Amino acid sequence: MALKILDHGTPEYQQMIKLRDDILRKPLGLSFDKEELDNEKDNLLMAAYEDDVMLGCCMLVEENPQTVRLRQMAVLNDLQGKGIGKALMNFAENLARDRGYQKISMHARQNAIGFYEKMGYKKVGSEFKELTIPHYIMEKKL
Ligand SMILES: CC(C)(COP(=O)(O)OP(=O)(O)OC[C@H]1O[C@@H](n2cnc3c(N)ncnc32)[C@H](O)[C@@H]1OP(=O)(O)O)[C@@H](O)C(=O)NCCC(=O)NCCS
């Protein structure tokens, strides 16, 4: 497995949108709009690959000079539970550290809380709804 940084607007970015759509949006009956994707051009986009197949992805968005927000963490359905999410998370954390950030925060879906807890993230505050489903803010000091 290879972990890579992706450039916005490239064929790899289109692969990422397809993966995110399949895993994160279609199951909720939702999709991405152009404005949302245009706004991702300054984000740090990354993915795990086996040859040309994208296995998983995520992105980091600057909230402030100290904090980045993790978004759009998704692994192919058939390959979940095999360590791909963990490898992506470690890659994202190392990139964030290298760039001088001190904290990662996120809006975590309730179904993924156990995964993030294993990665050392803690819930902050109470449950809220986003994209129609329950979420928690979670964070970790780097
Ligand atoms: C959540 C997700 C990104 C995790 O990636 P993954 O590749 O399946 O996770 P890993 O195999 O790297 O798991 C790492 C550890 O977390 C555990 N884990 C993974 N998913 C878990 C879950 N949903 N609940 C509890 N623990 C979980 C694994 O058992 C593993 O534990 P171990 O280190 O003791 O063996 C992936 O399952 C996914 O894409 N889910 C659907 C989309 C989603 O909900 N994304 C998150 C949006 S906030």
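## The ligand and the largest pocket

The ligand sits in the largest pocket. Sitting there means that more than half of its atoms lie within 2 Å of the grid points of the pocket. A pocket is an open set of points on a 1 Å grid over the protein atoms alone, where a 1.4 Å probe fits and protein lies on both sides within 12 Å along at least five of seven lines. This is a predicted model, in which local features need pLDDT of at least 70, side-chain atom pairs count only at pLDDT 80 or more, and totals for chains, interfaces and linings use all residues. Residues are numbered from 1 along each chain as its sequence is written, and side-chain values use heavy atoms, with hydrogens and water left out.

The shell around the ligand has 21 residues, each with a heavy atom within 4 Å of the ligand. Gly81, Gly83, Gly85, Lys86 and Lys118 come nearest. Helix H4 (113–118) is one of the elements that give two or more residues to this shell, and H4 gives the most, with four.

The largest pocket holds about 740 Å³ of space, a volume filled by probe spheres set on the grid points. It is lined by 33 residues, each with an atom within 4 Å of a point. Leu24, Met73, Arg109, Ala112 and Tyr116 are the closest to its centre. Strand E4 provides the largest share of the lining, seven residues.
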